[in-house]
Every structure is written in C-alpha cells, then in structure tokens.
Amino acid sequence: MPTVNPTRMELTRLKGKLATASRGHKLLKDKRDELMRQFLDLVRVNMSLRQRVEEGLKTANKNFALARAAMSDETVEVAFMASKQEIEVEVAPKNVMSVNIPQFTVKTRTSDESDIYSYGFAFTSSDLDDAVSSLAAVQADMVKLAEVEKACQLMAAEIEKTRRRVNALEHIMIPQYQKDIKYISMKLDENERSTQIRLMKVKDMMLEEAHHYKEKEEKKAAG
Amino acid sequence: MYRMAVLGDKDSIYGYAALGMEVCPVTDDAQASRKLRELAEGDYAVIYITEALAERIPGEVNRYREQMLPAIIQIPGVYGNTGAGVANVRKSVEQAVGSDILFSNN
C-alpha cells in the first residue's frame, strides 16, 4: 500500500523525482556501457602483458636459481648490497569516465644501462650477469603491467558500483515512483468525480426544493 | 616522487635490487602483513609481491585493491607460478561483467 499523500503537490514533486531518476538512469547506463567497453579492451591487454611478464620472470628466476647455485650466499649478498641503480616512479592520475587511474613514468637515477650490475665481476659468475640482464629485460613490461592491472582493478570496482546503481534505479526506484504517481492521479480523479456527483445531487435537491416537481407530478397523476 | 618495492621470500626477490627497487625479504605472515602495510602507507606506488606470499595474506593484499595507490602486483616467485596472478585478472573480469566471459576457455 502506498504511503504517499494523494495531493497535487506530492504529485508534482514525484513527477520531478521520476524525471530526475530517469535522466540519472540513462546517464549511468551510458557510463556503465562506456566503462565496460574500455575495460574489456584494457583487460585483454592486461592478460597478454601478464603472460609475457610471467614468461620473462620465469626465465629470470631460473637464471637466478642457477647463479645462486654456483656461488656462496655471502658472495650473492655482497653483490647486491650496494645497488648503483635507483628507480623512481612518477604518478600522474588520469581520469577515465570519472575513475582515477594512475599512470607511471619510470625514472632511473643513472641512464647507463650497465649500472644494473652493482658488483665487481671478480667474485661473481657470469650466470649472475645473465640473470640480472634477463630481469632488466622484463622491467619495462612489469611497470606497464602494474599500470594496466591497477587500472583494470579500479575500473572493475567502478563498473560494479555503477551497475548496482543502474539496477537500483531501473528495478526499484523508477517503478516505485511510477506506482506512486499512478496512485495519486487515480485518487485525485476519484475525488474529482465524487465532487461532481455531489454537486449534481445538490443541484437536484435545490431544484426540487424550489419547484416541487415531485408534488406536481403526483397531483397530475391523481388528477 | 614515488618508489617501487618488491616483497617476498629472499630467494625470489634478491635480484630486483640490481634494478634499483627496494627489496623487502620477509619470512612469516605477520611480518609480511606489517611490512606491506608500512610500504603501502609510505611513498611506494608499485609493490610487487610474490604469488606465494600474497596467497598467505589475502586480506592485506585486497585492502588496497580499490585505492589508486599503491598498485599491488603479484609476480611468480622462484618456486614456480601458482597462477594466482592470472586468477586475479579473471577476478576483475568477474567483478565487472558478472561472469568470466573472456578467459574462461583457456
């Protein structure tokens, strides 16, 4: 049973709300569709990047395991103790359909590629050099993966939220408003009809009072 | 300016030091959770975590899922690929679409 007041003011208010809700529904639906389109493109990129990175890391890990097997723990530890290279990321937020996704730009301290070898070559095996260079080869992809995967996660969350809102508007709020509006307009119509009938009745009674139609009719019948 | 970090068991991650990333070797779960939180709250934009470790502290890893920073990315460790990273991508698809329509066949 609707709990709204069947008044004209309430009707106007509800009609306004329905218009806003329908407009919001349409906008959110557009937002959801566009987000979904971009998400599906991005997630495919994400998957292929991930596969590539995992493949690269598999090789790197194998190389590191090999390198480690040939050297003592201390040697390896000392080799990586003082890293020459330092990596920094610049984060620029990018707005995609009101989702803020980060974009990473990597800055290394030195531009010299050989600076990834932070050790002298005397005590370490060449396996270690291979391992480090195989890891450096996937680095760019790893950063890209971080960017894309984060974007996917954020967009997925936003899509879920938007979808819920669209559904709530479509299946709960809009039907409820329509039902209330219908109830009020029916009630108002009914009130109008009952007033009309009452007026007609009153008019009849007043005419009867003034002209005594019934009595005249009876007299005529008797006479 | 933000930095990058790698979290996991020592054998899997020691090489990343050569690239200039911050290497955080951890052994037990409590220590790992604490370290991850410390990194996430600090100025680290990207945190790579081994799949094996991420599996042990899923709560901490998922806590930052819907925040812009940091990006916590799972990588395979030296003990093999558990497939958790790929599963994570599928999870995004499931969350967005409702079911995994893209990668369910491979």
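This is a predicted model: local features need pLDDT of at least 70, side-chain atom pairs count only at pLDDT 80 or more; totals for chains, interfaces and linings use all residues.

Guide: Residues are numbered from 1 along each chain as its sequence is written, while chains are lettered from A and ligands numbered from 1 in the order in which they are written.

Visitor: What makes up chain A?

Guide: Chain A has four helices and two strands. Helices (H or I, at least four residues) and strands (E, at least two) are DSSP runs, numbered from the N terminus. The order in chain A is α-α-β-β-α-α.

Visitor: Why is chain A called more spread out than a compact globule?

Guide: Set its radius of gyration against the globule rule. The radius is taken over C-alpha atoms, and the rule is 2.2 Å times the number of residues to the power 0.38. For 223 residues the rule gives 17 Å, but chain A has 39 Å, well over that value, so chain A is more spread out than a compact globule. Its C-alpha atoms fill a box of roughly 145 × 25 × 25 Å along the principal axes.

Visitor: How do you know that chain B is as compact as a globular protein of its length?

Guide: The same test applies. Chain B has a radius of gyration of 14 Å, close to the 13 Å that the rule gives for 106 residues, so chain B is as compact as a globular protein of that length. Its C-alpha trace spans about 40 × 30 × 25 Å along the principal axes. Chain B comes to five helices and four strands, in the pattern β-α-β-α-β-α-α-β-α.

Visitor: What makes S3(B) largely enclosed?

Guide: A residue is buried if 20 or more other C-beta atoms, placed from the backbone, lie within 10 Å of its own; it is exposed if 12 or fewer do, and partly exposed in between. In strand S3 (residues 44–50) of chain B, seven of the seven residues are buried, so the rest of the structure largely encloses this strand. Over chain B, 44% of the 106 residues count as buried. In chain A, buried residues make up 25% of 223.

Visitor: How do you know which strands pair with S3(B)?

Guide: Two strands pair if DSSP finds at least two bridges between them. S1(B) and S3(B) run parallel and are joined by five bridges. B:Val6 has B:Tyr48 as its bridge partner in S3(B). Five bridges also join S3(B) to strand S4 (residues 71–75) of chain B, again parallel. There, B:Ile47 stands opposite B:Ile72.

Visitor: Which strands pair across the two chains?

Guide: S1(A) pairs with strand S1 (residues 2–8) of chain B, in the antiparallel sense, over two bridges. A:Glu88 stands opposite B:Arg3.

Visitor: Why are H1(A) and H5(B) called roughly antiparallel?

Guide: Axes are lines fitted to C-alpha atoms, for helices over the stretch in contact, and angles run from 0 to 180 degrees between N-to-C directions. Angles under 35 degrees count as roughly parallel, over 145 as roughly antiparallel, 65 to 115 as roughly perpendicular and the rest as oblique. The axes of H1(A) and H5(B) (residues 84–97) come within 10 Å and cross at roughly 175 degrees. That makes H1(A) roughly antiparallel to H5(B).
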